[in-house]
Structure formats: C-alpha cells, structure tokens
Amino acid sequence: AMAIAGWIWRLNRRLQQLSVTDALTGLFNRTGLSASFPLDIERAQRYRRPVTVAMADLDGFKKLNDTYGHAAGDAVLRDFAEQVRETLRQSDLVCRYGGEEFAFLFPEIGPAETARLAERLRLACAGHDVLLADGRSIRATLSIGLADASACPIECALRQADEALYEAKRQG
C-alpha cells in the first residue's frame with residue numbers, strides 16, 4: 001500500500017507540474033502564471049518589497065516561422081528558454097504567455113535593476129546562434145517592456161509592461 005501511495009503522490013506531482021508548465025520550453029504556462037504571479041506580487045506589496053514585471057517577445061517570429069518552418073520556430077523558443085535559465089536569477093519567474101510572448105516576474109528588485117537584468121538577457125539572445133536541424137543557424141532578437149508591480153494589481157502591471165513592450169518595438 002505504501003508503494004502505491006508513493007507512486008500516486010509522484011504521479012499527482014507530475015500532473016500538477018504538467019498543468020502549469022509549457023511542454024515546449026519547460027517554462028510556466030498561463031495557468032502557472034495565474035497560480036504564482038499574483039501570490040508573489042501580493043507578498044511583495046504586503047511587506048513593501050520591490051517587485052517588477054516584464055513582457056517580452058521574440059522579434060519577427062512569424063517571419064522566421066514562415067521562412068524556416070515551425071521546427072525552426074520551436075528550436076528558437078526552446079533556445080530562448082535556455083538563455084532565460086542561464087541569464088536570470090533562480091528567483092525570477094518566467095511564463096510563456098502565448099506564441100512568442102513571455103511574461104516575467106522579478107522579485108526583490110525595482111525597474112532600474114530589472115532593466116539591467118533584462119538588457120543582459122536581450123544581449124545574450126542577440127549574440128547567440130540557434131543551430132537548426134539542417135545545419136543552418138539563425139538569430140532571434142528580443143523586445144522587452146518593464147513595469148513596477150509594487151503598487152498595483154498584477155493585471156494592471158502586466159498591461160503597463162505590455163504597453164512598454166509595444167513602445168520598445170515601435171522604437172526598434
């Protein structure tokens with residue numbers, strides 16, 4: 001009975017993990033975002049700690065998909081997730097928001113410090129070749145918008161970050 005209980009517990013953990021994880025990148029999905037981002041923001045606000053959110057997307061992703069095919073698009077997304085894991089801090093939360101769009105939560109740092117971290121990620125992506133199955137390599141650049149989330153609800157902060165992202169794209 002103990003062995004079965006342990007097996008069921010492990011299976012449950014795995015299912016829970018799958019329900020909040022994006023299969024392609026291993027990052028949080030939107031379910032994962034709604035499960036964890038609001039809690040982290042509420043905690044930061046309660047203890048008057050800094051917290052910043054960001055929205056980012058891979059530039060020209062549709063064109064890249066059309067030119068090189070979906071397998072290439074998938075390779076770029078997986079590679080981006082790897083860059084995120086290597087560049088950001090253990091405590092930073094990242095979610096694949098949809099397609100080539102990502103949402104981030106940076107606990108314990110304000111927008112200025114976050115901007116430095118985001119810039120490091122942007123440069124890491126810009127300077128990195130993604131190797132495709134056919135031996136070709138491509139590069140994907142990233143646009144990022146930040147918002148201070150220490151004084152407004154999650155939806156409001158993400159909307160501000162989204163506006164900042166749009167502005168960043170507009171400015172190239």
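Visitor: Which residues does Leu142 touch, not counting residues up to four places away in sequence?

Guide: This is a predicted model. In it, Leu142 touches Ala56, Asp57, Leu58, Asp59, Phe80, Leu121, Arg122 and Cys125, with residues up to four places away in sequence left out.

Visitor: Which residues have the most contacts inside the largest nonpolar core?

Guide: In soluble globular proteins, nonpolar side chains tend to be buried together. Here the largest nonpolar core has 29 residues, and those with the most contacts inside it are Leu58, Val76, Phe80, Phe104 and Leu142. Two or more residues each come from strand 1 (51–58), helix 3, helix 4, strand 3 (101–107), helix 5 (111–126) and strand 6 (142–148). Helix 4 gives the most, with seven residues. Another core, of 20 residues, lies apart from this one and includes Ala44, Val53, Leu158 and Leu165.

Visitor: Which residues of helix 4 are buried?

Guide: The buried residues in helix 4 are Ala72, Gly73, Ala75, Val76, Leu77, Phe80, Ala81, Gln83, Val84 and Thr87. Helix 4 has 18 residues and reaches 25 Å from its first C-alpha to its last, close to the 26 Å expected at 1.5 Å a residue.

Visitor: At what angle do helix 3 and helix 4 pack?

Guide: Helix 3 (residues 61–68) and helix 4 (residues 70–87) pack at about 135°, and their axes are 6 Å apart. An angle over 145 degrees would count as roughly antiparallel, so helix 3 and helix 4 are oblique to each other.

Visitor: Which residues of helix 3 and helix 4 meet?

Guide: From helix 3, Phe61, Leu64, Asn65 and Tyr68 meet His70, Ala72, Gly73, Val76 and Leu77 of helix 4. The residues of this contact divide into six nonpolar, three polar and no charged.

Key
Residues numbered from 1 in each chain as written. Predicted model: local features only at pLDDT ≥ 70, side-chain atom pairs only at ≥ 80, totals over all residues. Heavy atoms only, no water. Axes fitted to C-alpha atoms, helices over the stretch in contact; angles between N-to-C directions. Helix = DSSP H or I, 4+ residues; strand = E, 2+ residues; numbered from the N terminus. Parallel < 35°, antiparallel > 145°, perpendicular 65-115°, else oblique. Contact = heavy atoms within 4.5 Å. Nonpolar A, V, L, I, M, F, W, Y, C, P; charged D, E, K, R; others polar. Expected span 1.5 Å × (residues − 1). Buried < 20%, exposed > 50% of the residue type's maximum accessible area, 1.4 Å probe, protein only. Core = buried A, V, L, I, M, F, W, Y, C linked by side-chain atoms within 4.5 Å.
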